[in-house]
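Work through these exercises on a ligand and the pocket around it. Try each task before you read its solution.

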Amino acid sequence: MDKKTFVSLDQLNEITKTYPTPFHLYDEKGIRENARKLKEAFSWNPGFREYFAVKATPNPYILKILQECGCGTDCSSKTELMLSDALGFHGHDIMFSSNDTPPEEFKLADELGAIINLDDITHIACLEETLGHIPKTICCRYNPGGIFTISNGIMDNPGDAKYGMTTEQITEAYQILKAKGAEEFGIHAFLASNTVTNDYYPMLAKVLFQLAVSLKKETGVHIKFINLSGGIGVAYKPEQKPNDIAKIGEGVRKVYEEILVPAGMGDVAIYTELGRFMLAPYGCLVTKAIHEKHTHKEYIGVDACAVNLMRPAMYGAYHHITVMGKEHAPCDCKYDVVGSLCENNDKFAIDRMLPHIDMGDLLVIHDTGAHGFAMGYNYNGRLRSAELLLKEDGSVQMIRRAETPKDYFATFDFSDILKDMKY
Ligand SMILES: *Cc1c(COP(=O)(O)O)cnc(C)c1O
């Protein structure tokens, strides 16, 4: 079974004349269509908004496209706040969902008028001390603990996650925040990651809507929004059935009408903070086969490595690979597809059945549009690749150049010990 690529071999042959491999390529058309579908799925909720999780794909051109699609940004750090600000996201266009937050980052978030999402009850004191006040709009992150079971054996383990407040803490946090002058409240939770099921959001919504009703009763606060956060997954494997966002939106609507509307809370806005779902399928890593090695196993060495895509090395994550031009060839060769790092986990695929690969073949590694380039690093002195955008009109724009050795050495003091550096 194969997954379709959004780019053809002819297009790639053209692109590689100008831009050497490896590079990440993004599909503008796919990004826009998907964002439109998400908006439609939640159009029943007048306050609905997606705050794109910047950490998934922190590229200004990508963020600009999402901004045009009506999205805000979800930031987790100072630099992501700075990027959002520079792109013209203002005030409540920005959600600041961070944890273990350095206090000065609260300050910048507040200066930008962002909605601050507190990860812990102790952050209330930290926030007040840092800002000298409590913002009028504030959000708290919830963690019910235990095991969160969704369906078909799909579950995650919030009880083991460092994020969020317990039920008792979030209740107390609301009381304290209200007493200190907060007027509008949000609830946020992220209980399971990369869920490939249409049931996750509706089940999470049920938990949060019930909590909202009881928090309102107990504390009397005005709950303005409920943030379902990230966690909607994508079908990395070809045999997986992708999520149907229309069904997910409909599922959340049902629970909303069951729980919130009867409680007189039919004005609550639904927010999302999706990263993976917004971008992963609309990006790929294009790399070239440069070596083959026949030892105890069959290896294909490519010109990308784990610094360009860390997920396989870090989580053993599956990323589908298409050998371009051989889409219909039999998959009768078993390969480990590897990068050059001096780490044996630098493998994009292990024991993968693929068509016979010739040196110079272009490989498309799928679904790298989120948490792909973003997780890049410089181990072994390897450099980050370029990012390219395949635009709706079929043209290609470089939206980030590849790093050069100069970038890699830039944080040393050239004037001192590296004065004879020739590069
Ligand atoms: C990472 C993250 C997201 C996005 O998660 P995805 O799995 O990419 O959808 C959203 N919100 C917060 C707080 C996150 O940390």
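**Exercise 1.** Find which of the 15 residues around the ligand come nearest.

*Solution.* First, apply the cut-off: a residue is near a molecule if one of its heavy atoms lies within 4 Å of it. Next, pick out the nearest: Lys55, Glu273, Gly275, Arg276 and His371. Then sort the shell by class: three residues are nonpolar, seven polar and five charged. Gly counts as polar here.

The model is predicted: local features need pLDDT of at least 70, side-chain atom pairs count only at pLDDT 80 or more, and totals for chains, interfaces and linings use all residues. Residues are numbered from 1 along each chain as its sequence is written, and side-chain values use heavy atoms, leaving out hydrogens and water.

**Exercise 2.** Find what lies 2.8 Å from an oxygen atom of the ligand.

*Solution.* Look for polar contacts (pairs of N or O atoms within 3.5 Å). Now turn to the backbone. An N or O atom there in Gly275 lies 3.0 Å from a ligand oxygen. For Gly231, the backbone distance is 3.2 Å.

**Exercise 3.** State which residues lie nearest the centre of the largest pocket.

*Solution.* Start with the lining, whose residues have an atom within 4 Å of a pocket grid point. It has 47 residues. Lys55, Tyr163, Phe190, Ser193 and Arg276 lie nearest the centre. Next, sort the lining: 19 nonpolar, 16 polar and 12 charged residues.

Conventions:
A polar contact is a pair of N or O atoms within 3.5 Å; within protein, one must be able to donate a hydrogen and the other to accept it, and residues adjacent in sequence count only if both atoms are side-chain atoms. On a 1 Å grid over the protein atoms alone, a cavity is a set of points where a 1.4 Å probe fits but cannot get out, and a pocket is an open set with protein on both sides within 12 Å along at least five of seven lines; lining residues have an atom within 4 Å of a point.
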